[in-house]
Amino acid sequence: MRKSITGIFCGLALLSLFAWYIQPRENNGIKTSLVWVSDDNPVRSEQIALFNKLHGDIKLNLDSSNVGMEKVIVQSLAGVGPDLFDCGNNYQLSSYIKSGVAWDITDELKKAGIDVNKQVWPAVLPLITYNGRVYGFPDNASTDAIWFNKAILDKAHIPYPTGSWTWDKFIKLAQRLTIRGENGRIIQYGLLFDWGSWQHFVFQQGGRMYSSDGRRCVIDSPEAVAGIQLMHDLIYKYKVMPTPAAESAIATSGGWGTGPITQFSAGKGAMVIGGRYFLCSLRKDPSLRLGAVELPHSSKRVFYGYGRSTLINKNSPKRYEALKYILYLAGKDYNELVNHQADGIAPVIEYSYTTNYLHDPDYPEETFNAVWRDAMKNAIPGETSPYINGSLAFRIMQKQLDLVKADSKLPSDAMKTAANQINAEIQKNIKNGTVQ
């Protein structure tokens, strides 16, 4: 056992030495090279270019090949990790912190005059704060709304929806916009939707994923089940959404921005649930006339809020240079760029209350930007429990949701199964003293 540990230590030491050897030397005017692990969304290149322009002594490089929490943690502990890396949810944040790879920048942000609790959208604070400390900064913020195709509504002589509305009203509209061909098959759906945002439906019914102390999964409550039931009914009762079989028939090829986004762009649906970031793809079709309206609500007018944040590798020898990128995320230049790109909306609240955000001169036809800003006021983050691995809970939920979507299991039975499995894992971890 001792030999095995010694071997592992030596291996890590060699990797760390190699990482030090290949680092760019920062003498004689050579720029400091930083590595940022993030996705390959095409808008990243412009975000990086602006940072590099504003910081002539630094060259930020994107690494989209090592995306994944486990990869980042292992490489960072071995001394060969990136300088900066993305975080997609509060479970990942706690994992990065507890593994010792996320740098606590609370004091550094205070020195820079940044108060995330006052400046950042509340729905994305769980992506950067843990036990009162701050470990990063959001890259964007988002919630979903209803996109609609103006040309389709015009053809049906239907006025564009506006303001706050209920699911009952929405369903009536979606049924009018669901069109069948001569053979009886649906050729245009009233709604397209990725079930990954099921939290909207649960939260709006007053349901939750966990009890307030995180010691019990309550996704099988009547309120939560009612939310999942509505999703099922949109397909099988109201018939305004495609079944999984029909969805496969209209599925597009792989790549970033596929699924409901491109299906909507191709006219397969009159409306689609999605975030403002859909514009990153929808803008590619200048003939598409878009409208947007707030997501319908049930008993509660709340929405699931989400986003992405960037953290600094605690073990990076260039963490203070990397801190400049975090400060960049909090600044005017970056926030205005995010709004212009439509990569969600700016993480700093004040930059979504500008004339340019509401009416971007380069996109004068986009008169709907207030929809996402106003919805963010009522957005709440997804839930996690410290007593279960968030990825495991997600997989359990996803399996049961897939069965509901396929009409292979009743929502009540599926959520009961999910709750039982998640609670079994929670109790095991509590008994073993395991906190995620």
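The exercises below concern ring pairs and charges over rings in a predicted model.

**Exercise 1.** Count the aromatic pairs, then classify the pair of tryptophan 167 and phenylalanine 201.

Solution. 
- Rings pair if their centres lie within 6.5 Å. By this rule there are 17 aromatic pairs.
- Tryptophan 167 belongs to helix H8 (residues 167-176) and phenylalanine 201 to helix H9 (residues 199-204), so the pair ties together parts 34 residues apart in sequence.
- Both tryptophan 167 and phenylalanine 201 are buried.

**Exercise 2.** Classify the ring pair of tyrosine 277 and phenylalanine 278, and decide whether each residue is buried, partly exposed or exposed.

Solution. 
- The ring centres of tyrosine 277 and phenylalanine 278 lie 5.1 Å apart, with the planes at 80 degrees.
- Angles over 60 degrees count as edge-to-face, so that is the class of this pair.
- Buried means under 20% relative accessible area. Phenylalanine 278 has 4% relative accessibility, so phenylalanine 278 is buried.
- Tyrosine 277 has 28%, so tyrosine 277 is partly exposed.

**Exercise 3.** Which residues do ring pairs link into a cluster with Trp36?

Solution. 
- Ring pairs join Trp36 to a cluster with Phe51, Tyr325, Tyr328 and Tyr334.

**Exercise 4.** Over which rings do arginine 283 and arginine 373 sit?

Solution. 
- Arginine 283 lies over the face of tyrosine 363, 3.6 Å from the ring centre.
- Arginine 373 has its charged end over the ring of tyrosine 353, at 4.3 Å from the centre.

How values were computed: Residues are numbered from 1 along each chain as its sequence is written. This is a predicted model: local features need pLDDT of at least 70, side-chain atom pairs count only at pLDDT 80 or more; totals for chains, interfaces and linings use all residues. Side-chain values use heavy atoms; hydrogens and water are left out. Rings of Phe, Tyr and Trp (its six-membered ring) pair if their centres lie within 6.5 Å; planes under 30 degrees apart count as stacked, over 60 as edge-to-face and the rest as tilted. Helices (H or I, at least four residues) and strands (E, at least two) are DSSP runs, numbered from the N terminus. Buried means under 20% relative accessible area, exposed over 50%, partly exposed in between (1.4 Å probe, protein chains only). A charge sits over a ring if NZ of Lys or CZ of Arg is within 6 Å of the ring centre and within 35 degrees of the ring normal.
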